[in-house]
Amino acid sequence: MTASDLSTAELSTAELPACAIDAATAHLRDVLAIALEHGPGRRALVVYDTRTGLARALTEAYRRNLPQDAEFVDFDAVTPDQVLALFKTLAPHDLVALVQSSNFRLDGFRLRVELFKLGLKVIEHVHLSRMPGAQGEHYIESLAYDPAYFRGVGHALKARIDRARRAEVRGSANGIETVLRFDAPLESAKLNVGDYGAMNNVGGQFPIGEVFTEATDLEAVGGRALIHVFGDTSYLVNRPEKPITIVIERGRVVEAIDSTPEFDEVLAIIRRDEGEVWVRELGFGMNRAFTRERRVDDIGTYERMCGIHLSLGAKHGVYAKPGFKRKDARYHIDVFAVTDAVYLDDERVYAGGAWTVTG
């Protein structure tokens with residue numbers, strides 16, 4: 001039997017090869033030591049499940065990296081109250097790693113947020129069941145932590161974003177060329193590059209690799225973009241047979257050319273509940289494990305793909321804008337633009353599928 005003969009569920013539960021576990025061990029060693037700066041004298045708690053091969057592989061990698069006194073708890077073998085009680089035994093700067101085939105539910109306890117409130121370092125792996133078979137190996141590759149790349153390029157991008165007066169994203173596919181213009185300065189960029197020195201919280205959802213911003217004036221965004229992947233109503237990667245051209249005027253999507261029923265459904269839901277489809281986030285994905293061709297099904301993981309992604313919908317909790325009320329902004333749907341070039345002012349910062357800036 002070959003991998004193509006197996007169902008998605010069977011692929012999810014199948015064991016990953018030993019080389020993948022070895023790779024996960026090496027990558028998490030760097031994440032723990034360099035990004036999280038977790039060292040001797042600090043406790044570690046790993047809460048995991050065994051439902052998928054990827055979850056089991058990551059749990060084994062943590063066992064190989066953490067000292068013998070680290071605590072490992074099978075989420076499915078205890079009660080939520082027992083898990084919560086364990087969290088409360090930890091001290092600030094201790095580590096919690098969450099290895100979740102789906103996502104753990106703890107009676108309204110907003111897991112990562114509440115752990116940060118306790119001053120804990122957090123590594124969260126979530127929705128692992130959405131990445132069956134070879135996708136699990138892609139996910140493991142995405143955990144590789146190269147500080148020179150993530151921190152060097154990340155801070156260089158932020159510096160250029162923060163001083164830029166305008167930006168431009170250019171793409172082409174199937175004889176169609178598009179230009180999306182941000183004819184206004186950009187908001188101060190936020191970093192997700194494993195450098196937590198200037199941040200209140202240490203850690204977050206992995207994999208990492210992103211710098212993001214948005215236009216200070218949302219109505220200054222206009223033009224066209226070719227969408228090669230979008231997040232559907234199941235939070236999964238949806239790749240249309242050919243890229244969809246979205247037409248943006250004054251910061252809103254006004255047309256979708258070569259659309260699909262699934263993309264039309266996403267737009268219809270946003271319009272039903274928000275009235276119009278705003279374009280907000282401008283994301284500079286940096287994770288080189290993911291490309292247009294090498295994908296995983298979980299949209300929250302694929303978001304780190306090395307290239308440009310946008311968000312559709314009024315919701316963006318990081319940047320407050322006049323006229324946008326949090327209670328009314330419901331949607332933040334990631335869409336991924338075919339990207340050949342990115343310009344910040346007159347400087348090209350993306351070419352050949354890679355970021356070209358240095359610190």
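Q: Why does H93 count as partly exposed?
A: Buried means under 20% relative accessible area, exposed over 50%, and partly exposed in between, with a 1.4 Å probe and protein chains only. H93 has 45% relative accessibility and therefore counts as partly exposed. The model is predicted: local features need pLDDT of at least 70, side-chain atom pairs count only at pLDDT 80 or more, and totals for chains, interfaces and linings use all residues. Residues are numbered from 1 along each chain as its sequence is written, and side-chain values use heavy atoms, with hydrogens and water left out.

Q: Why is H127 called buried?
A: The relative accessible area of H127 is 19%, so H127 is buried. H127 also has a positive phi, near 55°, and lies in the loop between β4 (121–125) and α6 (134–142).

Q: What is the omega of the peptide bond that joins F206 and P207, and is that bond cis or trans?
A: Omega is about 10°, and the bond between F206 and P207 is cis. Most peptide bonds are trans. P207 belongs to the loop between β8 (203–205) and β9 (210–213).

Q: How do you know that D74 has no salt bridge?
A: A salt bridge is a side-chain nitrogen of Lys or Arg within 4 Å of a carboxyl oxygen of Asp or Glu. Lys and Arg count as positive and Asp and Glu as negative, while His and the chain ends are not counted. For buried D74, the nearest side chain of opposite charge is R51, 6.8 Å away.

Q: What lies around D74?
A: A polar atom of the D74 side chain is 3.0 Å from the backbone nitrogen of D76. D74, in strand β2 (residues 71–74), touches Y48, D49 and T50, not counting residues up to four places away in sequence; contact means heavy atoms within 4.5 Å.

Q: How do you know that β1 and β2 pair?
A: Two strands pair if DSSP finds at least two bridges between them. Strand β1 (residues 44–48) and β2 have four bridges, in the parallel sense, and V47 stands opposite V73.

Q: What makes β2 and β8 the edge strands of their sheet?
A: The open sheet of five strands has the order β2-β1-β3-β4-β8, with parallel pairing. Its edge strands, β2 and β8, each pair on one side only.

Q: How many bridges join β17 to β5 and to β18?
A: Strand β5 (residues 167–173) and β17 are antiparallel over four bridges, with V169 opposite V342. Three bridges join β17 to strand β18 (residues 347–351), also antiparallel, and L344 stands opposite E347. β17 and β18 form a hairpin with two residues between them, and D345 in the turn has a positive phi of about 55°.

Q: Which way do the residues of β17 point?
A: From strand β17 (residues 341–344), A341 and Y343 point one way and V342 and L344 the other, and all are buried.

Key
Polar contact = N/O pair within 3.5 Å; in protein donor to acceptor, adjacent residues only side chain to side chain.
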